[in-house]
Each structure stands twice: as structure tokens, then as C-alpha cells.
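This briefing concerns how the parts of a protein structure meet one another. Please view the sequence and the structure together before reading the points that follow.

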Amino acid sequence: MIKLTTPISEETARSLKVGDEVLLTGTIVTARDAAHKLMIEERPDFIREHLKDGVIYHCGPVVKKDEAGEYSFVAAGTTTSSREEPYQAAVCEEYSVRAVIGKGGMGPKTAEGLQKVGAVYLHAVGGAGSLIGKMVKKVHTVYKLEEFGTPEAFWVCEVEDFPCVVTMDSHGGSLHKDIAAASQKVANDLMGL
Amino acid sequence: MELKKAMLELMRRATTDLSKDVEDAVKQAYDREGEGTPAKNVFGTIIENIGLAREASTPICQDTGSVIIYVDFPVGDSEKKYREAAEWAAAEATKLQYLRPNAVDPVTCKNSGNNIGTNAPYLHFHQWDKDEVRVRLMLKGGGSENVGAQYKLPDTGLKAGRDLKGVKKVVIDAVQKAQGQGCAPGVIGIGIGGDRVTSFALSKEQFFRKLGEQSTDPDLAALEKELYEDLNKLGIGPMGFGGKTTCLGVYAGKQHRHPATFYVSISYTCWAYRRKQMIIKGSEVTYD
């Protein structure tokens, strides 16, 4: 198990390989569909300091606001990453992002971006909302809550020992590509193609 | 019995308490995978999460889904009161963090904040001859909904003709394309025949069946069994990490089609397969 702490250097990101299991501690930023579109269309500066050598988390959490106005995550598992395929490589490059956490993997455009920037794709277990919610120790701040709504806002938060597996690395390796190729062979046999 | 509170309790149960048939299937999948494999680790995490959500009464998955409700009601009953109760319960469940606000206006892209909007929650009404009410609730996540697909037979690329062999091929193709993106292992609902709308509706209604419950139609029961075995040969595994379990169950339903059309609709639901029902008889409510 590899301990990763934010900020993550390019050198550290490049040292990771597909199959490595990591425990991530530090600051991560949730960003999904509306956030990625915004980051490409408007390249906003407000999120820059949180993403430099930082981590994007594909997640739309269930959030509680207590009486003192403090936010906490009730459930916070991964959302499907492939929807960010058109944007991810450019976002990583623009903001020097070193890791993207999601589920389901991403495609060739992102794979190329990870190689260029020096970043990795980390897979967490999709649907494990309650469990991952407990690993989020503190919500620091939120951007675009009113405009985007709870699931789509940028939540900047602190995680401790968040378990992930590297499934795409900066050397062109992708577990998703390998599994899809292997299962396609089986599917073709089953379909008689 | 207060209808709106019963509806809220139904939602709480659906989002926090995974049904036994699904949990058992996940546990069996855990037992099948080899020690130390990523697949076994994923199932271990899933099982831990299921227990934690039930214990803490928090959502199993942060995507608490679209709220889809089917109401079967006796003659003379009013649809309106069920719609009002469903809306109240959805808004209340959102306040209590049982549900994430998941209703977004597609034109303004504004989230309503309380799961209420045009046609949200989705309600389907059906009048029946019984003197009791059945309310069935499905919370269906967006990731798994996105990997659903509709095919029309024949399909040249897949060499899929207008027969059950052709149906099998397109289902295999859909599950192969889904990979881990719908939070595998999934449960597959298949609608054969009908028009485009009723075909998808039929595929989704299959999810109210219990895992392991076979179709009463022998041809469809055989199709379900064969597909269950074939799909689990694909090796996609939980979350697409590779492994022996790609699907937890396959259900198929059929309806008559127009001579010119042959639709096969595939609905996919994730392992966090959340559906519950309640029966209201007089002032008594029973949940399952």
C-alpha cells in the first residue's frame, strides 16, 4: 500500500503504475459534469490554488449542513468518469492536476493527457457512498453551490486514508483498456462474430 | 397510517437498507472470487458499505437515483393523493439527506433542490381489483441508467436476427459496452417487443422481481439462465476490475410487437439495486 499525500509532485505521480494500491490523504476537490464544462469554457481562477498538484474527485455527494452552517458529507462515492472524457486531459493540463479519482475508467484522450501532464487515474469503489463519506474528514469550502446545485458544485474537502487503485498511469497503462479488450474477445466468441 | 409518512419510510428503507436477495447475491459473489484479487477486495468494500449504510441509516450510494414509483390502487381511489404524498416525502427525504437533490431542469440546468420537478418524482398508476394498495419504489442511479440501450433487430453488425438468439447477442453487446461504468456487477432487465416506449418500460419493470426468480415463460426462463451464465464469462467483474461476477441476475419480459418492429431494450441497474414496496391494507402498512 502506497501512502499519497497532497500536494502530489509530478515525480511522485509518474512513479505510480497500474495496479498500485494507494491510501490518499489531503485535499481533494469534487468536480463533475457542470464543473468540467466550466473549467474548459471559462478556465476560472478561483479553483486554481486547490487543483495545483492536486486531486479531482468525480463525485456528487449527499451533504448535510448543521445548525452552525458547517457542511459534512453523508455519502460520497464515485460517479462515472467517462462523461468527463471530452474535458479531462485539458483540465489536468490547465490546472496541473496530478490525480483524478473516479469509477469506470476513461478513454484514450485522457490516457494521453495523463502521460503528457504526469498524472494518474485512481479508481475507488462506485456506490460505496456511506463508507467513503466517512473518509471525508472535513469540508473546507464550496464553490458554485447555488448555481450548480449540491451534486455538481466544487466541494473542497479533506480526506484521510482514502483507498484507491491506480487503473491508468502516466506510462500509457490502463486496466480498463486491457479488460475491455479481453472481454470483447469473449463476447465475440459468445456472439459467434 | 399517514400516507405521506409511510411513503417517506419507504424511501428511507430503499436508500439505506439493501434488500436481502441483493445482499445475499453480493456475498455469494465475494465467496466466488479468489483471495487477494481486486475483485474480492471490491466485494469486501461493498459488503462493508451495505452494513454501514443500514446501521447509520445513511444512503448506500451518494447517487440516490431518480425516484420512480408504481402505484396499484383499488377502484374509486384518487391518484392525486399519492402524487401529493410522493412529492412531500421526496422533499422531506432530501432534507433528511436520505436523498440527494437529483431533479435538474434540462433547459436551465437548475437543480430544483428537493427532487420535485416536471414529472419528478416519476409516478406510474395502475388500477387493480384488489382492496389494497401496493406502492413500489425504485431508486435508480444515473450511471447505470446511462448504460441502458435499445436495439432493433435485425442488427447487421452483430449478426443478430429476429429470434431469441438475436436477443442474446444484443444483450451481450450492451453489457460488454457497459464494462464497469454502470457499477458492475449489474442486474439486467430485458424488454422484448412492444413499441420503443413500452419496450424500455417493460425492461425496467423487471427490476421489481426478486433475484433468482425465473420467468414463468419457459423460453424466457431459459434465455435468462443462458444469459446469466454467458455474461459472467465476460470477465468484466465488479467495477470493471476483472473477475468472475459481471452480473447478479438477468430478467426478461415480452410483449407483442408490430410486424415491422422488433425492439430489445436493456435496462441496467448497479449492484446498489434499490427497490422496495409497501402494501397498504386499511390502516396496516407492510414493507418488503
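The points below treat two interfaces, one inside a chain and one between chains.

The model is predicted. Chain B is divided into two domains, and chain B also makes a contact with chain A. Between the two domains of chain B, about 930 Å² is buried; between chain B and chain A, the buried area is about 3400 Å².

**The domains of chain B**

- Domain 1 of chain B is made up of residues 3–13, 60–141 and 274–287, while domain 2 of chain B covers residues 143–269.
- The centres of these two domains, taken over C-alpha atoms, are 26 Å apart.
- Nine residues of domain 1 of chain B and 13 residues of domain 2 of chain B take part in the contact between them.

**The interface between the domains**

- Of the area that domain 1 and domain 2 of chain B bury between them, 56% lies on carbon and sulfur atoms.
- Two salt bridges cross this interface between domain 1 and domain 2 of chain B.
- A salt bridge joins the side chains of R136(B) and E205(B), with an N to O distance of 3.5 Å.
- Seven residue pairs are in polar contact between domain 1 and domain 2 of chain B, counting pairs with both residues at pLDDT 80 or more.
- On the side of domain 1 of chain B that touches domain 2 of chain B, the elements giving two or more residues are β1 (66–74) and β3 (133–140) of chain B.
- The largest share of that side comes from β3(B), with four residues.
- By type, the residues on that side of domain 1 of chain B are four nonpolar, one polar and four charged.

**The interface between chain B and chain A**

- Chain B gives 43 residues to the contact and chain A gives 45 residues.
- Carbon and sulfur atoms carry 63% of the area buried between chain B and chain A.
- In chain B, the residues that lose the most area to chain A are Q62(B), Q97(B) and F241(B), together 20% of what that side buries.
- One salt bridge is counted between chain B and chain A: K110(B) pairs with E146(A), and their closest N and O atoms are 3.4 Å apart.
- Polar contacts between chain B and chain A number 19 residue pairs, with both residues at pLDDT 80 or more.
- Elements that give two or more residues to the side of chain B touching chain A are α3 (38–56), α5 (142–146) and α6 (164–178) of chain B.
- Of these, α3(B) gives the most, with eight residues.
- The side of chain B that touches chain A has 16 nonpolar, 19 polar and eight charged residues.

Key: Residues numbered from 1 in each chain as written. Chains lettered and ligands numbered in written order. Predicted model: local features only at pLDDT ≥ 70, side-chain atom pairs only at ≥ 80, totals over all residues. Heavy atoms only, no water. Domains from an automatic or database assignment. Contact = heavy atoms within 4.5 Å. Buried area = accessible area lost by both parts, 1.4 Å probe. Salt bridge = Lys/Arg side-chain N within 4 Å of Asp/Glu carboxyl O. Polar contact = N/O pair within 3.5 Å; in protein donor to acceptor, adjacent residues only side chain to side chain. Nonpolar A, V, L, I, M, F, W, Y, C, P; charged D, E, K, R; others polar.
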